Amino acid sequence: MANAPRPDVAAVIPGYGNLHGFSSTFDVSPGVHSVCAFALNASPYGDTNPSLGCRSVTVSGDPVGSLDGASAVLGGIRVSGWAIDPDTTSPVSVKVFVDGVAVAEGAASESRADIASVFPRYGAGHGYSVFAATSGGSHRVCVEAVNLPPSGTINRNLGCAVVVVSGQVFGNVETIIGGPGGVFVSGWAIDPDTGDSIVRVTLDGATVDIPTARTRPDVTAAFPVFTGAHGFEKLIPAAGGARRVCVTLLNQGATGADQPAVCRSVSVLSGNPFGNLENAVRTGTGISLSGWALDPDVAGPVSIHVYVNGAWGGSFTANGRRGDVGAAFPGYGSAHGFVIPLSAGQAPVSVCAYLINQGPGSTNPLLGCRSL
Ligand SMILES: [Ca+2]
Ligand SMILES: [Ca+2]
């Protein structure tokens, strides 16, 4: 209806008021369209509907859209926005360029009710949120919507932004303790620039560098952007006694700085084996000894020599699972328990058990004697 205000028309043709303008929008597919306008005759005079003119109009088939947001996240940049290709209601692909290089691609298929209200012909499923992995530092990120057939000739640049991504190494020093024959350190580290890190251990002034080469599924699950191993775990040989240990997560790549050192004073155990003869009981067929034993110089099991009434009773290995011992002496594992069956008659017997020293130490100490 030509009923919009047009004072310019009223000025040229006085006497008819000014409500004679028209403006209409038509929802059409991309391509070349011929559009013609006719004025419909109003009675009683006149007998034709005259043409006001025709135009050839080309509706672009190139995609349209927007880069609404670009923000630094762990390990890269997340971009978001929307894109539509006029040829289809299907999702458009968006390409993410970082510093001029295409590094990620995603589908603009997420629901955006605001876009559907502006372009009802195309529905709501045209939002995108795409992650692009980058190193640390300042990066220029651009997003492009990929043209879909049959019409259109360009991939539309939806916008660009400059984003500063952290390249700071991060992680956790989980353990610094005295262990078998040295100091046991463990933890994990990630540098966003390289995905891994190097851990520097300073022990009484000497340094040891450890790669983060140990698989840590829990860390990978928490930071899936960074694939590969991130854990470290090492026993650094040291003599027994008090030791000062510092662990530093070293920065990698061009951005970031080393994490401040974590330092502990630890006591390195060394010397004769020790343990506990917890039970000595008669069984239906003889005697059973049980308990645990550990040599502070090795993580492996301790040999136990048993004497019955002063005579050789046999050699046994304390390698049974004892989670409580493993927890009390981290770094030594839990294979330090023993249950020793001995044959014996009903007459009273004296049973003695000795622990066999490994490495530093001065003797094979008596674990205990029992009379049964
Ligand atoms: Ca770094
Ligand atoms: Ca020893």
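## Basis of the model

Two strands pair if DSSP finds at least two bridges between them. Strands (E, at least two residues) and helices (H or I, at least four) are DSSP runs, numbered from the N terminus.

This is a predicted model: local features need pLDDT of at least 70, side-chain atom pairs count only at pLDDT 80 or more, and totals for chains, interfaces and linings use all residues. Residues are numbered from 1 along each chain as its sequence is written, chains are lettered from A and ligands numbered from 1 in the order in which they are written, and side-chain values use heavy atoms, with hydrogens and water left out.

Strand β7 (residues 92-98) pairs with strand β11 (residues 137-145) in the antiparallel sense, over five bridges. V96 has V143 of β11 as its bridge partner. On to β12: nine bridges join it to β11, and the two run antiparallel. Here A145 stands opposite R156 of β12.

These strands belong to an open sheet of four, ordered β8-β7-β11-β12, with antiparallel pairing. Its edge strands are β8 (101-108) and β12 (156-165), each pairing on one side only. β11 is largely enclosed by the rest of the structure, because seven of its nine residues are buried. Buried means under 20% relative accessible area, exposed over 50%, and partly exposed in between (1.4 Å probe, protein chains only).

## Calcium ion, ligand 1

The protein donors of this ion are G167 (O), D191 (OD), D191 (OD), D193 (OD), N251 (OD1), Q252 (O) and T255 (O), lying 2.2 to 2.5 Å from it. Donors are N, O and S atoms within 2.8 Å of the metal (3.2 Å for Na, K and Ca); water is not among the atoms, so sites may look incomplete. Along the chain, the donors of ligand 1 follow the spacing G-x23-D-x1-D-x57-N-Q-x2-T. D193 and T255 link distant parts of the chain, 62 residues apart. D193 sits in the loop between β14 (182-190) and β15 (198-203), T255 in the loop between β18 (241-250) and β19 (262-268). D193 counts as buried, at 18% relative accessibility.

## Calcium ion, ligand 2

Here the protein donors are G271 (O), D295 (OD), D295 (OD), D297 (OD), N357 (OD1), Q358 (O) and P360 (O), lying 2.2 to 2.7 Å from the ion. Their spacing is G-x23-D-x1-D-x59-N-Q-x1-P. G271 is in the loop between β19 and β20 (274-282), and Q358 is in the loop between β26 (350-355) and β27 (366-371), so the pair ties together parts 87 residues apart in sequence. G271 is buried at 11% relative accessibility. Q358 is partly exposed, at 29%.

## P180 and its contacts

P180 lies in the loop between β13 (170-179) and β14. Its relative accessible area is 6%, so P180 is buried. Not counting residues up to four places away in sequence, P180 touches L235, P296, D297, V298, A299, G331 and Y332 (contact means heavy atoms within 4.5 Å). P180 and G136 are 44 residues apart in sequence and 39 Å apart in space, C-alpha to C-alpha.
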